[in-house]
Amino acid sequence: MAEFTDITYEIDNGLAWITINRPDRYNSFRARTVDELVRAFKLAWGSSQVGAICLTGAGEKAFCTGGDQKQRAETGDYGPSDSGLFEIDSLHRVIRDVPKPVIAAVNGFAIGGGHVLHVLCDLTIASETAIFGQNGPRVGSFDAGFGTGYLARIVGEKRAREIWFLCRRYSAQQAYDWGLVNKVVPADQLKAEVRSWADEILQLSPTSLKVLKQSFNSDTEQFAAMGQLAYSSLKLFGDTEEANEGITAFNEKRAPDFSGFRGN
């Protein structure tokens with residue numbers, strides 16, 4: 001659709017494909033990207049032609065690598081948005097609230113905020129080349145809502161804390177073994193596998209799927225409030241020297257030095 005610049009949106013036989021289209025930035029998102037993703041999910045929500053949704057990234061390298069740290073370093077934020085707000089919370093909400101199953105097709109790096117996006121999707125299918133992990137503590141950032149509490153529901157407390165406290169990288173097979181993804185397939189079979197799963201979904205009662213999704217969500221809805229608290233804290237934290245060290249080190253391609261902040 002012509003109004004989109006950072007994503008693409010298309011409907012194919014009942015399946016809406018929403019693709020982050022910034023491969024030169026490893027499909028990281030700026031504020032405009034988030035606005036467009038929210039709009040695309042709402043279009044799919046309201047369309048009688050859509051019964052399932054797939055979120056993926058353009059190219060072969062990345063699903064999504066979270067917030068665009070180059071943009072953050074250049075302007076101090078993630079750029080202009082329609083509302084004047086960075087609507088990442090709205091994106092998290094619409095992925096959960098859209099009454100249709102959402103499949104993440106992870107075709108490469110799912111790191112940081114991109115990792116949170118795949119976690120929020122109802123199902124995840126990964127290519128054998130996919131890489132998972134968190135990055136927030138490396139760059140002076142964090143996600144203390146769905147990205148932590150809900151993640152722990154999926155993989156368990158010990159593994160969720162490992163993911164966040166060590167910022168390691170995990171293969172698709174390890175993610176599968178941990179229950180973080182539903183299936184791993186060769187990279188050239190990823191889209192076909194998503195199509196197959198979507199076709200099964202499209203044979204089922206949409207009202208039943210809607211109520212089932214809402215029922216699943218009710219058990220973890222409290223993490224939304226924690227997420228709001230985290231966003232408030234993150235905005236304040238983002239102006240500190242500690243956070244600035246993280247983003248500066250990232251863009252200078254060096255290890256950050258947080259040693260001076262451990263007494264806080």
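Modeller: Residues are numbered from 1 along each chain as its sequence is written, and side-chain values use heavy atoms, without hydrogens and water. The model is predicted, so local features need pLDDT of at least 70 and side-chain atom pairs pLDDT 80 or more, while totals for chains, interfaces and linings use all residues.

Biologist: How do you know that Cys64 is in no disulfide?

Modeller: A disulfide is a pair of cysteine sulfur atoms within 2.5 Å. The nearest cysteine sulfur to that of Cys64 belongs to Cys121 and is 10 Å away.

Biologist: Why is Cys64 called buried?

Modeller: Buried means under 20% relative accessible area, exposed over 50%, partly exposed in between (1.4 Å probe, protein chains only). Cys64 has 0%, so the word is buried. Cys121 has 4% and also counts as buried.

Biologist: What makes strand 4 an edge of its sheet?

Modeller: Strands are DSSP runs of E, at least two residues; helices are runs of H or I, at least four; both are numbered from the N terminus. Two strands pair if DSSP finds at least two bridges between them. The open sheet has four strands in the order 4-6-8-9, with mixed pairing. Strand 4 (62-64) and strand 9 (170-171) each have a single partner strand, so one side of each lacks a neighbour in the sheet.

Biologist: How do you know that strand 4 pairs with strand 6?

Modeller: Two bridges join strand 4 to strand 6 (residues 109-111), and the strands run parallel. That meets the requirement of at least two bridges. Cys64 has Ala110 of strand 6 as its bridge partner.

Biologist: Why is the contact of Asp68 with Arg25 called a salt bridge?

Modeller: The term needs a side-chain nitrogen of Lys or Arg within 4 Å of a carboxyl oxygen of Asp or Glu. For Asp68 and Arg25, the closest N and O atoms are 2.7 Å apart. The pair therefore qualifies. It ties together parts that are 43 residues apart in sequence. Asp68 is buried at 2%, whereas Arg25 is partly exposed at 24%.

Biologist: How do you know that Lys213 and Asp122 form a salt bridge?

Modeller: Their closest N and O atoms are 2.9 Å apart, and the cut-off is 4 Å. Lys213 is buried at 8%; Asp122 is partly exposed at 34%. The whole structure holds 18 salt bridges.
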